[in-house]
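I opened this notebook to record what I looked up about charged side chains, aromatic rings and overall dimensions. The entries follow the order in which I took up the topics.

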Amino acid sequence: MELSNSIRWGLAVLYVCFCFAFFDKNGVEASHRVFKQFQSLPPNVTVTQANRTGYHFQPTKNWINDPNAPMYYNGVYHLFYQYNPKGVVWGNIVWAHSVSKDLINWTALEPAIYPSKPFDKYGCWSGSATILPGNKPVILYTGIVDDKNTQVQNYAIPANLSDPYLRVWIKPDNNPLIVADKSINSTFFRDPTTAWLGGDGNWRISIGGRSDFNNNISTGVSYLYRSRDFLKWVKAEHPLHASNGTGNWECPDFYPVSVSGGLDTSVVGPNVKHVLKVSLDATRFEYYTLGTYDVGKDIYAPDPDMVDGWNGLRYDYGNFYASKSFFDPIKKRRILWGWANESDTTDNDVSKGWAGIQLIPRTLTLDPNGKQLLQWPVEEVETLRGNKVELSNKILNKGESVEIKGITAAQADVNVTFSFESLDKAEPFDQSWDRYDAQKLCSQKGSTVEGGLGPFGILTLASQNLEEYTPVFFRVFKDQDKYQVLMCSDASRSTLMDGKCHIKDGKDAYRPSFAGFVNVDLKENKLSLRSLIDNSVVESFRAGGKTCITSRVYPTLAVNENAHLYAFNNGTQTVKIDSLNAWSMSKPLQMNN
């Protein structure tokens, strides 16, 4: 795009400066929970392979949490992430850095950012990357400046743009760029977004936080800042958006979407909606709304039919948090990274020598109905597919199951479509049920509780005699003038371990029946499901990605070659497997080793 003289001058100043500078509520553990005795462990800690993922992103050992500043730059995908290089619990956090040519095979580099200066002496927390005109990347991140948890916003830049991997990053001494004014609680002021460039030549970013008023009711806030030169930032008189009663907002993400594909963060125009995603401290889930960005007023407004709060849409109804998206300019797609922490006990985390994974990156598009996003694993993951088995036209009567043999069930990609002749046996939806609490309903009506139309689905990571299994399944209800489709991923029977932590103040295992309702038209009497199974994680996608659920599980019997995969039906309505395709999944050639 054509730049005004003032923008050119500002960018020149920026790069001159560069040169001179040479649980936890719902089972997703709060990323800042402190176990000081385990923050730094001997470097020769043994890493156990039991339950370790085969094809998901994780370092060779130790703790990870939020994905930070993902970007594509000069032929290379970059992923930074919060990492403890010394232990398996949160602490000693640095920005670890890995690079890839294909989003599957990853090479670990030296940490890019770590506490070293007054503006981040007490911590380098999450942030985002922006590619400035001239193909110049900049990272904005949150620094902790004192033991009171005061948060400021800093920037970092590559030391050498000719280095294809951007190994070394510099934190100029004119940091911090943004300090909270008196109207902001500076201990809840973090995680700057990717910047977008307005038609007026000003850059904009948003920063998550909260404000307390009206008898201390906490309002989640996405603060808005503008800059002409990316150095001097001015807070807008109003936030980008705020929502009463939602609590602190972490890791905000703001970007445009369309039906046709991904868009650069600065795009506005017809047939474009905007997404505002926030990670809620109070619930440890992520929520998003679709809406309109008024470029004149610099305000985002959710669409009228959006629920703007705890009952709103989620990226994922399971173990998924602190996500960050980026635009891939080569394949014209928006890609989403999300973190899944461990749901095991603290002592088990310590004993195995690793904690946390990044989930398979997902493409994001707008559903043609305009009311939700569609998420789907990036196509590159299919390069890991190995041996394939197929099943079609298989009838499952009440109480019947069929084993899917011929693949490595502990590490698999399964895509199945079920059909049924009639909706007549769908159970009535009790109007006393909380239609926003699918998880509670799933815990009451699990995979073994006989229903009408459902439960039916697959049993993942199952032992031979079903002492352990993680079912992913559907149940259909008749709700006044429409049908409700409940999708569940139930970890409650996933392991024989007792789940009790034996470390003082440690966390017990968390094995919920994660669930969400699926907004789908049943006129064809079909439901589809795809699950990525990887030893201790099951990622499931319904109806082309309308509803997604991730579970972390730790079987003791259903491991490696002793894991099994079944399709089942425990409803009175007969269902048919129209088609089932399943593949063994190989390990990447390189995973940060």
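I began with E286, which is buried, with a relative accessible area of 1%; buried here means under 20% relative accessible area, exposed over 50%, and partly exposed in between, with a 1.4 Å probe and protein chains only. E286 forms a salt bridge with K277, with 3.0 Å between the closest N and O atoms, where a salt bridge is a side-chain nitrogen of Lys or Arg within 4 Å of a carboxyl oxygen of Asp or Glu. K277 also counts as buried, at 0% relative accessibility.

Before going on I noted that this is a predicted model, in which local features need pLDDT of at least 70 and side-chain atom pairs count only at pLDDT 80 or more, while totals for chains, interfaces and linings use all residues. Residues are numbered from 1 along each chain as its sequence is written, and side-chain values use heavy atoms, with hydrogens and water left out.

Further salt bridges. I next looked up E539 and R362, whose side chains meet in a salt bridge at 3.2 Å, N to O. This pair links distant parts of the chain, with E539 in strand 35 (residues 537–542) and R362 in strand 24 (residues 362–366), 177 residues apart; helices (H or I, at least four residues) and strands (E, at least two) are DSSP runs, numbered from the N terminus. E539 counts as buried at 0% relative accessibility, and R362 counts as buried at 1%.

I then turned to K398 and E450, which meet in a salt bridge at 3.7 Å, N to O. K398 lies in the loop between strand 26 (385–396) and strand 27 (400–403), and E450 in the loop between helix 4 (438–444) and strand 30 (456–462), so the pair ties together parts that are 52 residues apart in sequence. K398 is partly exposed, with a relative accessible area of 47%, and E450 is partly exposed, with a value of 47%.

I also found D328, K331, R333, E379 and E380 linked in a network of salt bridges, and the count of salt bridges comes to 35.

Aromatic rings. A search of the whole structure gave me 33 aromatic pairs; rings of Phe, Tyr and Trp (its six-membered ring) pair if their centres lie within 6.5 Å, and planes under 30 degrees apart count as stacked, over 60 as edge-to-face and the rest as tilted. One of them is F189 with Y223, edge-to-face at 6.1 Å centre to centre and 70 degrees between the planes. F189 sits in strand 10 (residues 189–190) and Y223 in strand 13 (residues 217–227), 34 residues apart, and both F189 and Y223 are buried. I recorded F57, Y81, Y83, W106 and W337 as one aromatic cluster.

Charges over rings. The charged end of R52 sits over the ring of W354, 5.7 Å from its centre, the rule being that NZ of Lys or CZ of Arg is within 6 Å of the ring centre and within 35 degrees of the ring normal. R314 lies over the face of F285, at 4.1 Å from the ring centre.

Whole chain. Of its 593 residues, 61% count as buried, and its C-alpha trace spans about 70 × 55 × 50 Å along the principal axes.
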